[in-house]
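Thank you all for coming.

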Amino acid sequence: MNSSSSTMSEEPDALSVVNQLRDLAADPLNRRAIVQDQGCLPGLILFMDHPNPPVVHSALLALRYLAECRANREKMKGELGMMLSLQNVIQNGIVFVEMLCKF
């Protein structure tokens, strides 16, 4: 029996995971711990490149909550991929708006 096939169906989808992180980040008491955790911030950065817009939106909202804690800002700015992913989100948004304006 292959146990990996049974765990694959039990894995939460990207939107569920990012929504959980967003909900945790909404609580000011969790914000420092989330940024200090080894996997949460890099995970949120990866979600910014997700093809599903609601996943990206939820990740951006979580990052906004985390940035409301002044002590998190330097670590967030220095996190690998953060600035590039933000630039990509902005560029994709501009392209999307330009496409909409043509209609």
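Let me begin with Lys75, which at 35% relative accessibility counts as partly exposed, where buried means under 20% relative accessible area, exposed means over 50%, and partly exposed is what lies in between, computed with a 1.4 Å probe on protein chains only. Before I go further, please keep in mind that this is a predicted model, in which local features need pLDDT of at least 70 and side-chain atom pairs count only at pLDDT 80 or more, while totals for chains, interfaces and linings use all residues. Residues are numbered from 1 along each chain as its sequence is written, and side-chain values use heavy atoms, with hydrogens and water left out.

Lys75 forms a salt bridge with Glu79, with the closest N and O atoms 3.6 Å apart; by salt bridge I mean a side-chain nitrogen of Lys or Arg within 4 Å of a carboxyl oxygen of Asp or Glu. Elsewhere, salt bridges that share partners join Arg31, Arg64 and Glu68 into one network, and the structure holds 5 salt bridges.

Another of these pairs is Glu74 with Lys77, whose side chains meet at 3.3 Å, N to O. These two residues are 3 apart in helix H6, residues 73–78, and are therefore separated by about one helical turn; helices here are DSSP runs of H or I with at least four residues, strands are runs of E with at least two, and both are numbered from the N terminus. Glu74 is exposed, with a relative accessible area of 59%.

A polar atom of the Arg31 side chain lies 3.2 Å from the backbone oxygen of Tyr65. If we leave aside neighbours within four places in sequence, Arg31 is in contact, meaning heavy atoms within 4.5 Å, with residues including Ala25, Tyr65, Leu66 and Glu68.

Let me turn to helix H2. Val18, Leu21 and Ala25 are buried in H2, and seen down the helix axis the buried residues fall within an arc of 55°, so they line one face of the helix, the arc being that of the directions from the axis to the C-beta atoms. That buried set packs against H3, H4 and H5.

This brings us to the interior. In soluble globular proteins, nonpolar side chains tend to be buried together. Here the largest nonpolar core has 21 residues, and among those with the most contacts inside it are Leu41, Leu44, Leu63 and Leu66; such a core is a set of buried Ala, Val, Leu, Ile, Met, Phe, Trp, Tyr and Cys residues joined through side-chain atoms within 4.5 Å. The elements giving two or more residues to this core are H2 (14–25), H3, H4 (40–47), H5 (53–67) and H7 (82–101), and H5 gives the most, with 7 residues. Leu44, not counting residues up to four places away in sequence, touches Val18, Leu21, Ala59, Ala62, Leu63 and Leu66.

Key:
A polar contact is a pair of N or O atoms within 3.5 Å; within protein, one must be able to donate a hydrogen and the other to accept it, and residues adjacent in sequence count only if both atoms are side-chain atoms.
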